[in-house]
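Please look over the sequence and the model shown below before reading on. The report then takes up ring contacts, strand pairing, pockets and backbone angles in turn.

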Amino acid sequence: MFRAELLERAARFRSTDGDPTRNLQSCPSLVLNADYTPLSYYPLSLWPWQTAIKAIFLDRVDVIATYDREVHSPNLDMKIPSVIALKQYVKPSEFPAFTRFNLFLRDRFSCQFCGDMNHLTFDHVIPRRLGGKTTWENIATACAPCNMKKGGRTPKQAGMQLYNEPIRPTHWQLQQHGKMFPPNYLHETWRDWLYWDIELEE
């Protein structure tokens, strides 16, 4: 997906119009840490409405904003929370798990040899047959054609150049990259809490 499309998607917040008829399953709560930043940008920290309401009754969160949609019980009418904040700060781990998804996110979902964002896989920079290990520092995102072209050679042997040397990213670095890839669903009450990587026009 091109950056222009990502930016367009980031600006497409869904309105509260029609909230009273909104399906309950379409009412997730954006979860903020106690410092009022999202617990996670990508994937975005969302809880189902049932989990959010349970957390409210357990006094673990503050309600910041709500949908117009309500749930009812014999003794209670409650608007479904659209934004909640934890009362106790949760310290994120410094380093994320070494997963395919996090690898792609580190490399901004693009091949590190040609920039293509399609048919992504991963490549051992130093091939395993030459002693290369499966670690953050030796794995790069690659499209299938570049992976085939490189084969069991080093980038230098294959005459190919990496855009970025692979590193072990921090949690913060992945969160910064995640801001560039907003999710499909954005409710307008989340607007003040999400700081997507969008350059404002004068």
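## Basis of the values

This is a predicted model, in which local features need pLDDT of at least 70 and side-chain atom pairs count only at pLDDT 80 or more, whereas totals for chains, interfaces and linings use all residues. Residues are numbered from 1 along each chain as its sequence is written, and side-chain values use heavy atoms, with hydrogens and water left out.

## Aromatic contacts

A search of the whole structure finds two aromatic pairs, where rings of Phe, Tyr and Trp (its six-membered ring) pair if their centres lie within 6.5 Å, and planes under 30 degrees apart count as stacked, over 60 as edge-to-face and the rest as tilted. F98 and W136 form a tilted pair, with 4.8 Å from centre to centre and 50° between the planes. This pair links distant parts of the chain, 38 residues apart, since F98 lies in the loop between β4 (76–86) and α3 (100–106) and W136 in the loop between β5 (120–124) and β6 (139–143); helices (H or I, at least four residues) and strands (E, at least two) are DSSP runs, numbered from the N terminus. F98 is partly exposed at a relative accessible area of 36%, while W136 is buried at 6%, where buried means under 20% relative accessible area, exposed over 50% and partly exposed in between (1.4 Å probe, protein chains only).

F101 and F109 form an edge-to-face pair, at 5.9 Å centre to centre and with 65° between the planes. F101 is partly exposed at 34% relative accessibility, and F109 is buried at 15%. In a further ring contact, the charged end of R168 sits over the ring of F95, 3.8 Å from its centre; the criterion is that NZ of Lys or CZ of Arg is within 6 Å of the ring centre and within 35 degrees of the ring normal.

## Strand pairing

Four strands form an open sheet of mixed pairing in the order β2-β1-β4-β3, two strands being paired if DSSP finds at least two bridges between them. The edge strands, β2 (46–47) and β3 (61–73), each pair on one side only. Nine bridges join β3 to β4, which run antiparallel, and the bridge partner of H72 in β4 is D77.

β5 and β6 also run antiparallel and are joined by five bridges, with A142 of β6 as the bridge partner of T121. Because five of the five residues of β6 are buried, this strand is largely enclosed by the rest of the structure. Both of its faces are covered, with I139, T141 and C143 buried on one side and A140 and A142 buried on the other.

## Pockets

The largest pocket holds about 320 Å³ of space. On a 1 Å grid over the protein atoms alone, a pocket is an open set of points where a 1.4 Å probe fits, with protein on both sides within 12 Å along at least five of seven lines, and lining residues have an atom within 4 Å of a point. Grid points are joined across faces, edges and corners, and a volume is the space filled by probe spheres set on the points. Of the 18 residues that line the largest pocket, T37, P38, P92, H171 and Q175 are the closest to its centre.

## Positive phi angles

R108, in the loop between α3 and β5, has a positive phi near 55° although it is a residue other than glycine, and R108 is partly exposed at 36% relative accessibility. H119 is likewise placed in the loop between α3 and β5; its phi is positive, about 55°, and H119 is exposed at 64%.
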